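Please open the model in a viewer and keep the selection tool at hand.

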Amino acid sequence: MKICNKCAAVFRNEICTLSEMTICPLEYCYGEPIIIDEIMYEICTILANKQYRIMYCKSGDRNIPTFIHIGGRYTGEIPKGFRIKYFKDGESGDIISDLYKTYNIGLSSTELKKKILRTILDMFKWAENLDYNDNWWM
Ligand SMILES: [Zn+2]
C-alpha cells in the first residue's frame, strides 16, 4: 500500500500501479505517495495530517531497524527508545531525519515480534502527542 505524505490518502494495488505513482493523483495535492507497511498506516496518517513529510518508513525486522524518515531537520521529541540521525538525500540534497530503533540480534523471533509491536505502539503514542509541523515542504 501507499499513503500520500501530504493528504494521507491511501492507495492500494487495485487502484493503480503503485510503483509508477510518484505524485499524488488527487487534485491540487502534489504530495508524494510512499510505500508503507500496513502496520504503520495509523502512524503515517497522523503524521501526514500533522504536516510532517514522511519520506520512507519500515516497521522493522531482524537486521532492519524500525525507522521513519521525515523530510527536513526534525528536532522535536522522538519515540521511546529511538535515536535520530540526519543525512542528505542523494537526488535533491535535502536534509532527511532518520528516527530509528534497533533490536538486540540475540532475540528469539517471538521476542523480536513482541518488541516491534510494542515499538509500533510507542510510535503511535508519540505521533498522537506531536504538535503540528509549521515547516511543511521546507
Ligand atoms: Zn495527496
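At what angle do H1 and H2 pack, and how far apart are their axes? The angle is about 15 degrees and the axes lie 9 Å apart, the axes being lines fitted to C-alpha atoms over the stretch in contact, with angles running from 0 to 180 degrees between N-to-C directions. H1 and H2 are therefore roughly parallel, a term for angles under 35 degrees.

This is a predicted model, in which local features need pLDDT of at least 70, side-chain atom pairs count only at pLDDT 80 or more, and totals for chains, interfaces and linings use all residues. Numbering starts from 1 along each chain as its sequence is written.

Select H2, residues 109-129; helices are DSSP runs of H or I with at least four residues, and strands are runs of E with at least two, numbered from the N terminus. Its buried residues are Ile116, Thr119, Met123 and Trp126 (buried: 20 or more other C-beta atoms within 10 Å of the residue's own; exposed: 12 or fewer; C-beta atoms placed from the backbone). On the other side of H2, the exposed residues include Lys114, Arg118 and Lys125.

Glu42, Ile43, Ile46 and Leu47 of H1 meet Met123, Phe124, Ala127 and Glu128 of H2.

Finally, select lysine 6, in the loop between strand S1 (2-4) and strand S2 (10-11). Lysine 6 counts as buried because 20 C-beta neighbours lie inside 10 Å. Beyond its neighbours within four places in sequence, lysine 6 is in contact with Cys24, Cys29, Tyr30, Gly31 and Ala48 (contact: C-beta atoms, placed from the backbone, within 7 Å).

Notes:
Expected span 1.5 Å × (residues − 1). Parallel < 35°, antiparallel > 145°, perpendicular 65-115°, else oblique. Contact = placed C-beta atoms within 7 Å.
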